[in-house]
Amino acid sequence: MQDWLRMSAADLGRGIGTGEIDAVALTETYLKAIDRHADSARIYTVVTHDRARAEARAAAGRAQAGQRCGPLDGVPISWKDMVDSAGVATEAGSKLLEGRVPARDGEVLRNATAAGLVCLGKTHMSELAFSGLGLNPMTATPPCINDATAVPGGSSSGAAASVAFDLAACGVGSDTGGSVRIPSAWNDLVGLKTTSGRLSLEGVVPLAAKFDTIGPLCRTVEDAALMLAALEGGRAPDLRGASLRGMRFAALQTVVMDDMRETPLAAYQDAVQRLRDAGAQITPLEAPEIAEVMPLSGILYTAEAYGIWGDAIEAAPDKMFGAIRDRFRSGAEFRAADYVAACRRLDRFRADWATRVAGYDAVIMPTAPNLPPDAKRLMEDDAYYLTENLLTLRNTRVGNLMDLSSVTLPTGVPSCGIMFCGAPFAEERLLRIAQAAETALG
């Protein structure tokens with residue numbers, strides 16, 4: 001049964017379907033692993049034992065009757081603590097929301113439950129999802145699978161840790177500037193950033209609604225495809241026969257290759273060569289609009305975030321970690337006219353980008369320019385915190401600003417990912433590309 005903890009969600013689902021795995025025994029194995037794990041309190045905010053057991057019993061009954069709801073029916077997963085769950089605290093990693101208990105599940109959780117997925121509980125995250133580091137001194141900082149002294153990446157930090165430490169088959173997180181892809185990359189997982197508007201945000205605590213998205217953190221591309229279908233109540237794309245032969249990739253150079261640290265750079269270059277060896281054609285790409293849009297991030301993100309959370313923050317500022325509070329407060333500096341002008345410029349840059357990359361199957365780049373920073377130093381060195389926080393989310397933010405579908409894959413080098421960006425609402429095609437790339441990268 002311990003082997004179940006390291007299996008992909010898809011393989012677990014197949015095992016339930018053939019009768020080789022009992023859904024109740026599977027859930028009990030996960031619950032026991034969570035309860036016994038030394039760092040479980042740093043990963044899960046709450047473990048929903050009763051709900052998980054009830055859902056597992058129902059899944060086992062459906063399997064026995066030959067009436068499974070889908071390929072992941074009976075598979076246990078975790079949920080980032082910003083997706084509402086009925087009768088269970090949903091506090092978005094913030095003391096500002098302490099004691100917040102929603103009356104009903106968020107829509108993506110309802111969809112997943114209808115598909116038969118088992119809810120193990122809620123996972124820790126950065127405060128109100130506003131940091132890519134995963135550092136949260138106000139509640140908990142989850143561990144990183146590759147470095148016990150480092151942060152795990154955020155803001156879906158606990159979601160990544162739950163999968164990396166074999167305490168969930170998949171995790172559900174959110175991505176506003178990289179919050180699914182960074183913790184996925186730093187914990188050697190597959191992370192899917194969906195297009196804004198693809199998955200419902202009803203019943204999800206907001207950060208910056210213009211950019212907020214929901215997505216899975218998984219062990220495999222197949223798992224990501226199946227989770228996408230479950231979260232939206234749809235049908236998973238067919239990944240069979242996916243190949244890189246003849247694929248045309250643009251390797252973005254503008255901004256994303258600046259100030260790369262040695263290990264992530266070497267891992268990326270090696271991954272690119274393996275993609276070429278598998279038949280992909282890869283061309284360097286300069287995109288001036290990326291250099292122009294990056295400075296707009298400050299106003300686009302912080303103005304909206306402070307507009308949503310400013311009153312709550314100012315009513316109890318001591319309930320927030322200072323670095324996160326200051327980042328929110330920077331949004332108060334902008335006029336409404338500045339924000340509108342920035343949105344109009346963003347639309348123009350998105351159109352320029354779409355024209356530039358129209359002839360490519362995907363755009364590739366390193367997921368993160370850096371490795372997971374040291375947690376203790378982040379708390380003690382303000383300059384280090386600022387540098388690492390901004391650098392961490394730089395590359396992933398391209399996908400959010402350009403409103404792309406995007407996926408990160410492990411390169412085989414610990415905490416180093418390679419990112420593939422596709423057209424908006426083209427997740428199915430992107431996942432077929434990612435499936436072929438996953439095979440090439442081993």
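Predicted model: local features only at pLDDT ≥ 70, side-chain atom pairs only at ≥ 80, totals over all residues.
Residues are numbered from 1 along each chain as its sequence is written, and side-chain values use heavy atoms, with hydrogens and water left out.

**How pockets are found**
- Rolling a probe the size of a water molecule over the atoms shows where empty space is left.
- On a 1 Å grid over the protein atoms alone, a pocket is an open set of points where a 1.4 Å probe fits, with protein on both sides within 12 Å along at least five of seven lines; lining residues have an atom within 4 Å of a point.

**Largest pocket**
- Its lining has 28 residues, and A323, R327, L386, N389 and L390 lie nearest the centre.
- Two or more lining residues come from each of α11 (297–315), α12 (322–329), α14 (375–380) and α15 (382–392), with α15 giving the most, five.
- The lining divides into 13 nonpolar, 11 polar and four charged residues (Ala, Val, Leu, Ile, Met, Phe, Trp, Tyr, Cys and Pro count as nonpolar, Asp, Glu, Lys and Arg as charged, and the others, Gly among them, as polar).

**Second largest pocket**
- Here 21 residues form the lining, and P71, L226, A229, R235 and A236 lie nearest the centre.
- The elements giving two or more residues are α5 (107–114) and α8 (221–232); α8 gives the most, with five.
- By class, this lining has 13 nonpolar, four polar and four charged residues.

**Cysteines**
- The whole structure has zero disulfides (pairs of cysteine sulfur atoms within 2.5 Å).
- For C119, the nearest cysteine sulfur is that of C170, 13 Å away; C119 is buried, at 1% relative accessible area.
- For C421, the nearest is that of C218, 17 Å away, and C421 is buried too, at 2%.
- Buried means under 20% relative accessible area, exposed over 50%, and partly exposed in between (1.4 Å probe, protein chains only).

**Overall fold**
- The protein has 17 helices and 11 strands, taken as DSSP runs numbered from the N terminus (helices H or I, at least four residues; strands E, at least two).
- Of its 442 residues, 60% count as buried.
- The C-alpha trace spans about 55 × 55 × 35 Å along its principal axes.
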